[in-house]
Amino acid sequence: MSATSDYRRREESITLASEPAGQGETHELLTLNIGPHHPATHGVLRLLVTLEGEIVRDLKPIIGYVHTGIEKTCEDKSYWKVIPCVERMDYLAYYFNAMAFCGAVETLLGIEVPPRAQYLRVIHLELNRIMSHLVWLGTSALDLGAMSMFWYCFRERETILDLFEMSSGQRMHTRYIQVGGVMEDIPHGFDTKLAAFVKEMPTRADQYAALLEQNEIVLQRLRNVCPLDEQTLLSLGVTGPLLRAAGNPWDLRKAQPYSSYDHFDFKIPVGTVGDNYDRFRVRHAELYESTKIIDQALRGLPEGPFITPDRKVSLPPRHELATSMEALIHHFKLVTEGFRVPPGEVYYPIESPRGELGCFVRADGSAKPARVHMRDPSFVNLQATVPMVKDAYIADLIATLAMIDPILGGIDR
Amino acid sequence: MPDATGLELIAHDLRDADSESVLGTVFMHGRATVIAEPRLVHSVLERLKDRGYGFLASLHGCDYYPEEPRLGVLYELLDMHEVDRISVKARVHVDAAHIASVVDLWPGANHPEREVYDMFGVVFDGHPDLRRILMPEDYEGFPQRRDFPIGGEPVLFTYNEENSYGKWQ
């Protein structure tokens with residue numbers, strides 16, 4: 001069998017048998033395929049939609065098109081080499097992936113992260129949250145026909161990526177968060193640039209609101225469209241802004257504070273009815289709250305080391321290699337074999353821009369993890385699409401999908 | 001997390017309801033795990049759900065090769081009011097990898113259970129639509145098992161890879 005015909009056979013193996021059949025001329029159902037390559041699906045997502053006229057009667061999301069087996073790859077790498085792999089899962093929340101993995105490994109090792117490293121982590125995590133929400137806001141507005149929003153959002157995103165480049169040398173997939181702390185201390189000039197951004201961001205968010213919230217078209221497309229109540233969301237395992245839009249103030253940064261989130265004063269925005277408008281407002285309000293956290297973390301940034309001084313885990317400073325034999329041995333051991341982690345299992349949940357991002361790590365005592373699993377919020381949240389868009393217009397399906405904010409890299413991993 | 005004593009109390013109550021349901025408990029790194037008998041895991045989860053652990057945060061698989069029983073299914077439960085987590089683990093043998101589905105308790109377990117089936121080959125009895133989710137429908141083998149090799153596989157363009165443009169080595 002040639003590869004081409006094998007590919008066709010695979011396509012045909014997707015059955016439509018469980019779709020309801022049409023009932024006479026007036027109720028004829030149409031099955032429409034959307035994607036996998038479609039700008040409105042925010043990635044390589046395929047939707048099989050059963051339509052009655054313009055009304056969505058059933059929907060099947062088909063995923064796996066960008067499955068690259070990252071979890072399998074991680075099992076073949078030493079712990080510190082896993083970080084760049086997991087960062088590529090949810091490609092808009094790379095700091096969060098690294099944070100969840102490093103947090104899990106730190107729990108297994110039982111090491112303390114220095115306060116300065118925790119604050120630096122918080123600064124970068126919240127910058128990443130703003131960045132992720134900006135991409136969401138720009139592309140969602142684009143789906144609703146607001147072209148200019150996209151450029152404004154990407155302008156601010158560019159500032160954040162410049163900050164990432166300044167602190168770590170990379171714009172995306174920065175590998176900044178390390179086991180035991182962060183890669184490097186922030187460079188000179190970073191704090192002034194960040195302070196300027198913190199000052200600017202709320203006015204920018206005000207401008208987005210002025211552009212969108214008075215706009216009749218946006219309001220009609222979002223208000224009372226595709227609501228879903230709190231209980232259904234909870235039973236589906238949905239977390240993050242989608243759950244908060246339905247009125248449940250569940251946020252792991254408040255409920256189970258990690259990385260000194262309990263030091264900061266911020267609010268959890270919640271919605272009331274859980275429609276698309278609430279989802280939009282909750283994420284928009286989070287832009288302000290994240291800015292507040294960054295401001296406080298920058299002002300209260302403690303002095304001290306940026307990574308744990310435990311030489312069994314973190315690389316010794318470069319200058320020590322020339323003078324200390326012990327440092328040289330540690331350096332050699334760390335870059336060749338990596339550090340060993342005592343056997344155990346741990347599940348480390350954090351609040352990503354899309355909900356609970358939990359990293360499960362099983363260590364077997366060697367220098368490579370025996371299992372790495374990411375509970376990616378997009379993967380679970382995608383299940384809420386069907387109850388949300390059932391009996392809604394197909395145009396609202398596109399708007400709702402944008403408001404769910406699925407990241408296919410995280411869904412397929 | 002419940003502390004070590006709290007975990008023992010929960011395990012005691014679960015054993016009271018059904019003496020065979022709990023095989024053991026592990027408390028490590030602040031993580032409380034109930035090791036449940038795979039035949040009775042559904043009732044264990046149902047009792048924990050009634051106890052307040054009403055949110056299924058995560059469901060994932062794990063291969064404990066070469067230990068037996070090899071395959072593990074882990075349920076991370078969360079009590080949102082007490083902010084308390086507990087995990088339930090059920091281990092099954094590779095040749096009898098069957099476990100009861102919990103989609104009736106948490107509809108959100110649908111995709112995660114399909115993922116565990118896809119990656120480890122654990123069959124969830126009672127699942128409404130147990131198909132592969134991330135791998136192609138006609139894929140053979142369960143790639144996350146520890147004895148599944150890492151390596152290249154033929155794709156659509158492999159058959160004429162040698163004479164394709166850019167293949168200069």
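Helices α7(A) and α12(A) run roughly antiparallel to each other, because their axes cross at roughly 160° and angles over 145 degrees count as roughly antiparallel. The model is predicted.

**α7(A) with α12(A)**
- Helix α7 spans residues 190-212 of chain A, and helix α12 spans residues 276-299 of chain A.
- Their axes come within 10 Å.
- The crossing of α7(A) past α12(A) is left-handed.
- On the α7(A) side, the contact includes Leu194(A), Val198(A), Met201(A) and Pro202(A).
- On the α12(A) side, Leu287(A), Tyr288(A), Thr291(A) and Ile294(A) are among the residues met.
- The residues of this contact are 12 nonpolar, two polar and two charged.

**α5(A) with α12(A)**
- Helix α5(A) passes α12(A) in a left-handed crossing.
- From α5(A), the residues in contact include Tyr119(A), Ile123(A), Arg129(A) and Trp136(A).
- From α12(A), they include Arg283(A), Glu286(A), Ser290(A) and Ala297(A).
- This contact has 12 nonpolar, three polar and four charged residues.

**The largest nonpolar core**
- This core has 157 residues.
- Phe101(A), Val105(A), Leu77(B), Val88(B) and Val122(B) have the most contacts inside it.
- Leu77(B) touches residues including Leu48(B), Tyr53(B), Phe55(B), Arg85(B) and Val88(B), not counting residues up to four places away in sequence.

Notes:
Residues numbered from 1 in each chain as written. Chains lettered and ligands numbered in written order. Predicted model: local features only at pLDDT ≥ 70, side-chain atom pairs only at ≥ 80, totals over all residues. Axes fitted to C-alpha atoms, helices over the stretch in contact; angles between N-to-C directions. Helix = DSSP H or I, 4+ residues; strand = E, 2+ residues; numbered from the N terminus. Parallel < 35°, antiparallel > 145°, perpendicular 65-115°, else oblique. Left-handed = near helix turned anticlockwise from the far one by under 90°. Contact = placed C-beta atoms within 7 Å. Nonpolar A, V, L, I, M, F, W, Y, C, P; charged D, E, K, R; others polar. Core = buried A, V, L, I, M, F, W, Y, C linked by C-beta atoms within 7 Å. Buried ≥ 20, exposed ≤ 12 C-beta atoms within 10 Å, placed from the backbone.
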